[in-house]
Amino acid sequence: MVPLGYYLVLGVILFACGVAGFLVKRNIITIFMSIELMLNAVNLTFVAFAAHWHVLSGQIFVFFVMVVAAAEAAVGLAIIIAVFRTRETLNVDRVNLLKL
Amino acid sequence: MLHYILFFSFGALAVAGAVNLLIQKHPISSALSLIVVMGSLSVEYLLLGAEFVAAIQVIVYAGAVMVLFVFVIMLLNAGVEEHEGRGSRMAWTFGFPAMLGLGILLAWLLARRDPANVPVPVGAMYGSAKLIARQLFQPYLLPFEITSVLVLIAIMGAVVLARREE
């Protein structure tokens, strides 16, 4: 019997780590992984609230978030490959022009 | 009592993995620590009775998505990240105040003691695949079909973007 607040606190900690990674990291792949971490933190709060209110809709939404995250990962990694092919770097500080 | 032990041990493991993701310089180390976070989150889902979500967390996230990440890291031969300067200026002006705000929210949640903080009942597996499917294919059928179209578009977009232009 773990209180709901504990799950929310864990979600906040994971989300804060994701935000910090998004802002501090300079490697484009690691920034992308930080976004995945934030999505996971949101999923945890969804499941915790679903269990708290005894409704299944939260888990359905987690399912949809996972589908969207998988699609986003596929497209985002393809974009990363395209960026690397034209710029020869993964450092976001060097990717500062829309057109080469 | 067992629930508390499981919650705190796997929650600490998830937080340690998330912090390790920040500390590590090499992207492959960050990816492996993200897999640790996802695996321990699936145990948290099981504690909340969401067995289907826990299963697809392992299969889709820790399996498919992270394999894709590791594959791309190895394909691009990503090395240790180089730092030049002190990072982005946006991070210092907006990011860290936002982090402070999240910390205040955290402290407020911890300090608050109100009736909303009632225990989550654990052990009753009401997130089984059967119940999820009954919800997914009746009231949520239209969003489900739309996400299938979205995934199809994402597959085509990934193929088009990653193709080498001649």
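Predicted model: local features only at pLDDT ≥ 70, side-chain atom pairs only at ≥ 80, totals over all residues.

User: Which helices and strands does chain A have, and in what pattern along the sequence?

Analyst: One begins by listing the elements in order. Chain A has three helices and one strand, and along the sequence these follow the pattern β-α-α-α.

User: How does the radius of gyration of chain A stand against that of a compact globule?

Analyst: The idea is to set the value beside the one for a compact globule with that number of residues. For 100 residues such a globule would have a radius of gyration near 13 Å, whereas chain A has 17 Å. The box that the C-alpha atoms fill, taken along the principal axes, is roughly 55 × 25 × 15 Å, and 52% of the 100 residues of chain A count as buried.

User: What does the side of chain A that touches chain B consist of?

Analyst: One counts residues, then elements, then classes. The contact takes 56 residues from chain A and 72 residues from chain B. On the side of chain A, the elements that give two or more residues are β1 (2-3), α1 (4-24), α2 (28-53) and α3 (57-87), and α3(A) gives the most, with 19 residues. By class, this side of chain A has 45 nonpolar, eight polar and three charged residues.

User: Why does the distance between the ends of α3(A) agree with its number of residues?

Analyst: One compares the expected span with the distance between the end C-alpha atoms. At 1.5 Å a residue, the 31 residues of α3(A) should span 45 Å, and because the end C-alpha atoms are 44 Å apart, the two agree. Just after α3(A), E88(A) takes a positive phi of about 65°.

User: At what angle do α3(A) and α6(B) pack, and which residues meet?

Analyst: An angle under 35 degrees counts as roughly parallel. Helix α6 of chain B covers residues 141-162, and α3(A) packs against this helix at an angle of about 10°, with the axes 8 Å apart; the two helices are therefore roughly parallel to each other. Among the residues that meet are F64(A), V67(A), A71(A) and V75(A) in α3(A), and L150(B), V151(B), A154(B) and A158(B) in α6(B). The residues of this contact divide into 17 nonpolar, two polar and no charged. As a general point, an α-helix has 3.6 residues a turn, so residues three or four places apart point the same way.

Key:
Residues numbered from 1 in each chain as written. Chains lettered and ligands numbered in written order. Contact = placed C-beta atoms within 7 Å. Helix = DSSP H or I, 4+ residues; strand = E, 2+ residues; numbered from the N terminus. Nonpolar A, V, L, I, M, F, W, Y, C, P; charged D, E, K, R; others polar. Expected span 1.5 Å × (residues − 1). Axes fitted to C-alpha atoms, helices over the stretch in contact; angles between N-to-C directions. Parallel < 35°, antiparallel > 145°, perpendicular 65-115°, else oblique. Rg over C-alpha atoms; globule rule 2.2 N^0.38 Å. Buried ≥ 20, exposed ≤ 12 C-beta atoms within 10 Å, placed from the backbone.
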